[in-house]
Amino acid sequence: MAQPPAGAPYQSHATLADAAVAFCRLLRQRGVTLGIGEVTDATRALGIAHLSPEGHRAALRAATAKSAPDLATFERCYDEYWCGAPAPAERRDTDGDGGTGTALARRARSAGEQTDADEPAADAATGTYSHERSLAERNFAVAAEDEVADIAILLQRLGRLLARALSRRYRAQTRGRLPDLRRTMRLMLRDGEILEIAQRQRRPRRLELDLICDVSKSMDVYSSFLIQFMYAFQHAYRRIETYVFSTSLHRITPLLKEPALQLALSRARDTVPDWSGGTRIGESLQRYLADYGSRLGRRTVVVILSDGWDTGDTELLAGAMRSIHKRAARVLWLNPLLGSPGYRPQTRGMLAALPYIDVFAAGHSLDALQRLPRQLLV
Amino acid sequence: MPTASAVSPPTTADDIRHQLASRDYVADEAIVTSLFLAEQLDKPLLVEGPAGVGKTEIAKSMAGASGAELIRLQCYEGLDATTAIYEWDYKRQLLHIRQADPSDEGDLFDRRFLIERPLLRAVTASQQGSRPVLLIDELDRADEEFEAFLLEILSDWQITIPELGTLQAAQAPRVLLTSNRTRELSDAIRRRCLYLWIDYPSFDKELEIVRRRVPRIDATLAANVCRLVESLRTPDWDKVPGVAETIDWARTLVALQRDHIDEATLRDTLGVLFKSRDDMALAADRAAALVAGVGAAPSPPPPRS
Ligand SMILES: Nc1ncnc2c1ncn2[C@@H]1O[C@H](COP(=O)(O)OP(=O)(O)OP(=O)(O)O)[C@@H](O)[C@H]1O
Ligand SMILES: [Mg+2]
């Protein structure tokens, strides 16, 4: 293994800080989230004398790589920066679209091209209610350009409503009370006798949700809608983690925390190198298991949004689904293609996954998504 | 000059290495350096990793070796701030009410009726001049609300009890947090801490652990135990055996006076390695392959007769 420069020239604080800043910048470029605190700690770590080569690496790691999925990136960056390993070739691929307009507008355009004549167009004259009604049933894939913005608003509202419905249901299911001894004591002071035991509410046991969305090419017409839905859901329901995948899996929970939707979407798109790329569901779900599998348990519901078109290893997919199904409380698979009449889940990937799915549903329209809470809880 | 803790805090990475070794804790460079850096930067250390890889044991060993008090806050779902700080001793308060003037509230919430829970203990210990090790174990099991509350404590080391006022620590304790990642901890808490990931040990490290913790074990048997457990660390199981299971299994084999692992021995002792029925059934199915895989079977006995 290559060594960090022994007796390195960066001894003054300024040069240590420079090295720390430069190294942290590299980490950031590779997707590790770092704040000023990490840079400061890295500087101080570098200032510690008499570290062995192993120790040098370990100290920087402890100061900058703060979660398990960041560790592999750290090792690569460390080798590159401190040991002069060659930088990996740029991975950003295929997406030639230089970012004209928002992701949503882009989707809208491609969706617009596919608009089928046999889908009745929304008639503005029929009033808001029926307009919303027809939007609710509209398959995202064939939404017309002028409907997209309205659907987006409805999706936001739906996401929030559903999240709240979910929290409420859970509270109702788990009503339970504990005696509040401190308040009882105070009541006693007042009354001199124990007349009632004061109660305090037991905390509701909430569901943990993991949403995993396919953003590969074949899902293009759906994924931006689904991500908006996930965004709204996440803003109203806290016990949720969101991931996207095409050839590899990325956790985007922190990105979706951004309060401005469009910014959140474009950040997510920018951070995920293989957006609209190929599909390796098996590999992606294996990654999910390896990096986040510890989340799975009796109260974790996993929702996968994908059309099941898999170009990867089907064995891997089946294996991953078996593990997820075994360890999670429930597994939902929302396949937008189910919304098209006549669709049969006969792709190899979908067939491999089916035995391990508790609820297989569409999720291609607002109406379909609306059924989600019931499906989550049954 | 406070005499509460006789042993001075470690000042070099080697001190930490020796301290851990003195408690038979086998630490690699990453563990030693992270603990050392946490000490130098005076920051909490967040330790994550799969179950049974020695996360909790680090804190115990550090405290034990330096003669510091170990304060352990075991997190669980529903753990709330007050329970982690203090509780009033209601039984004694009741007795007191029976005997005294019940209108004297100030007296009722007197310090002598206060039961110190871990976080308050960490503060009062520092006021008494010692520097404890505070272990916040399995934080992922507590709710986000508790995590947010903890974040405040970790930066201020100040605790307010409505009836008594505000208590301030003289010095922050050494803090270790652990998580099994049943949920992701917030970025805020990660930012506050340094980070250490402990994975399943390498073969050499695990062998060293077994030999330290089960000194009576035969060297070859120890190696075979580790090799076999290592081959079990695949995604096939509900619960992959951790170091704790390796040690238990090694102890069991020694107690049963086995000097090698054959298929029957493995089957008889599966319950030590696995906790779930499914896992035990699967392992029983694979017993022959597992034993063969590590070449743990003895050379066949010389044919009798
Ligand atoms: N590096 C080590 N050196 C010595 N003993 C070890 C080491 N790692 C683990 N052990 C032993 O393994 C057992 C399990 O360790 P510990 O309880 O610390 O695991 P843990 O990571 O906290 O697990 P959990 O996540 O289940 O709480 C302990 O009995 C400990 O003695
Ligand atoms: Mg533990």
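**View 1. Leu70 of chain B faces a partner in the neighbouring strand.** In this predicted model, Leu70(B) stands opposite Val133(B), a residue of strand E5(B). Follow the two strands along from here: E2(B) and E5(B), the latter covering residues 133-137, run parallel and are joined by five bridges.

**View 2. A helix lies against the two paired strands.** Helix H7 of chain B, residues 118-127, packs on the sheet. Which strands does helix H7 touch? The helix touches E2 and E5 of chain B. Compare directions while you are here: that of H7(B) makes about 160° with that of E2(B).

**View 3. Five strands of chain B form an open sheet.** Now let's take in the whole sheet, whose strands pair in parallel in the order E2-E5-E8-E1-E9. Where does the sheet end on either side? Its edge strands are E2 (70-74) and E9 (194-197) of chain B, each of which pairs on one side only. From one strand to the next, the twist averages 20°.

View 4. How much of chain A is buried? Of its 378 residues, 53% are buried.

View 5. Take the contacts in chain A with a separation of 6 or more: residues 24 or more positions apart account for 73% of them.

Methods
Residues are numbered from 1 along each chain as its sequence is written. Chains are lettered from A and ligands numbered from 1 in the order in which they are written. This is a predicted model: local features need pLDDT of at least 70, side-chain atom pairs count only at pLDDT 80 or more; totals for chains, interfaces and linings use all residues. Side-chain values use heavy atoms; hydrogens and water are left out. Two strands pair if DSSP finds at least two bridges between them. Helices (H or I, at least four residues) and strands (E, at least two) are DSSP runs, numbered from the N terminus. Axes are lines fitted to C-alpha atoms, for helices over the stretch in contact, and angles run from 0 to 180 degrees between N-to-C directions. Contact means heavy atoms within 4.5 Å. Buried means under 20% relative accessible area, exposed over 50%, partly exposed in between (1.4 Å probe, protein chains only).
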